[in-house]
Amino acid sequence: MTVDLRSDTVTKPTPGMLEAMWSAKVGDDVFGEDETINTLEQKAAAMFGMEAGLFCPSGTMTNQIAIKCFTQPLDELIADQTAHVYRYEGGGIAFNSGVSTRLLDGYRGIITPEMIEPEINAENIHYPHTSLVVLENTVNKGGGSCYTLDNIAPIAQLCQAKGLKLHLDGARVFNALAHTGDKALDYGQYFDGISVCLSKGLGAPVGSVLLADKATIKYARRIRKVLGGGMRQAGFLAAAAIYALDHHVDRLKIDHAHARILSEELGKQSWVANVMPVETNIVLFDTVEPAAIVLAKLAAKGIKASDTAKHRIRFVTHLDVHADQVEYVVKVLSSEF
Ligand SMILES: *Cc1c(COP(=O)(O)O)cnc(C)c1O
């Protein structure tokens, strides 16, 4: 048996999804004529209580476009030191937007108004102008940790009082919603921009959507074009995303239950030094031996995973990890391997 726990991006389209893609009505989206993309953008915006949406090839692009929309060159944004926008987007904040980054040291990537406020620069010619705060929910490098809306509301309040924009890197926001029980519709009031990945836990093959007000999305469309992200008959991809929003949101709790089963088994093993608390579909654990050695042993049993540090391994559960595969992994973990 093979089990791929490297990432929730490895899922393949289901038969139902392929059928939806096959029968999609498409057009040239650069002309605004792809009705499936238009439907997806409106549907996603409505779900989160935002005015408009923009379908993009990747979550990196939706985040980078948002940062470009909400800043000017010489500005500074505030984010946690684990933030995907800072660590895993190739230095795009500086490259695309000419903006510097002030990093905070949150708990598992979760930051608070008390941490943010002292890092907002006063008006002074020496200081970059602070114009944006970026939150991530769930936090990837935090091991899938979640903000609740109760955490978010006071941050949004602070941003409003200080004239800062607030962007959500919601690559896994549906995992956060499944865990916290918060409602997507309540998100819109707090954020100026929301990026949602369709190709992570939701299981679509490609794409992310940026949500914001109409004026921001109009400008975002220009930025998408200049980045080379203006696609043509991409409604085939949007059809997969619509299918995912309709069929793959409720099932995320299965992935979370699977992650919990794996973490409990890991917690019993003498070769595991520490398991981070599991909230969603990501399990981070520290190994006594170097991670590379443990990964090789797992690979020999058909289990793929990834290391995030010399002694740290990440398991991610998703649509293509089924109950029998979880059972198999548990069996392997508990045996001498
Ligand atoms: C995956 C991910 C993204 C976007 O990644 P792409 O591979 O560019 O789609 C953004 N933020 C977080 C937290 C992610 O995990």
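The radius of gyration of the protein chain, taken over C-alpha atoms, is 20 Å, which agrees with the value near 20 Å that a compact globule of 337 residues would have; the globule rule is 2.2 Å times the number of residues to the power 0.38. The model is predicted, with local features requiring pLDDT of at least 70 and side-chain atom pairs counted only at pLDDT 80 or more, whereas totals for chains, interfaces and linings use all residues. Residues are numbered from 1 along each chain as its sequence is written, and side-chain values use heavy atoms, with hydrogens and water left out.

Along the principal axes, the C-alpha atoms of the protein chain fill a box of roughly 60 × 50 × 35 Å. The chain has 13 helices and 13 strands, defined as DSSP runs (helices H or I, at least four residues; strands E, at least two) and numbered from the N terminus. Of the 337 residues, 56% count as buried (under 20% relative accessible area, with a 1.4 Å probe and protein chains only). Among contacts (heavy atoms within 4.5 Å) with a separation of 6 or more, 74% come from residues 24 or more positions apart. The accessible surface, from the Shrake-Rupley method with a 1.4 Å probe, comes to about 14,600 Å², and carbon and sulfur atoms make up 54% of this area.

Helix α8 spans residues 173-180, and its buried residues include Val173, Phe174, Asn175, Ala176 and Leu177. Gly181 follows α8 and has a positive phi, near 80 degrees.

Helix α11 (residues 252-267) contains His256, which is buried at 4% relative accessibility. Leaving out residues up to four places away in sequence, His256 touches Asn175, Ala178 and His179, as well as Glu279, Thr280 and Asn281. Glu279 lies 23 residues from His256 along the chain, and the C-alpha atoms of the two are separated by 7.2 Å.

Ser7 is located in the loop between β1 (3-4) and α1 (15-22). With a relative accessible area of 11%, Ser7 is also buried. The side chains of Ser7 and Thr9 make a polar contact at 2.7 Å (a pair of N or O atoms within 3.5 Å; within protein, one must be able to donate a hydrogen and the other to accept it, and residues adjacent in sequence count only if both atoms are side-chain atoms). Apart from neighbours within four places in sequence, Ser7 is in contact with Arg314, Val316 and His318.

Methods
Buried < 20%, exposed > 50% of the residue type's maximum accessible area, 1.4 Å probe, protein only.
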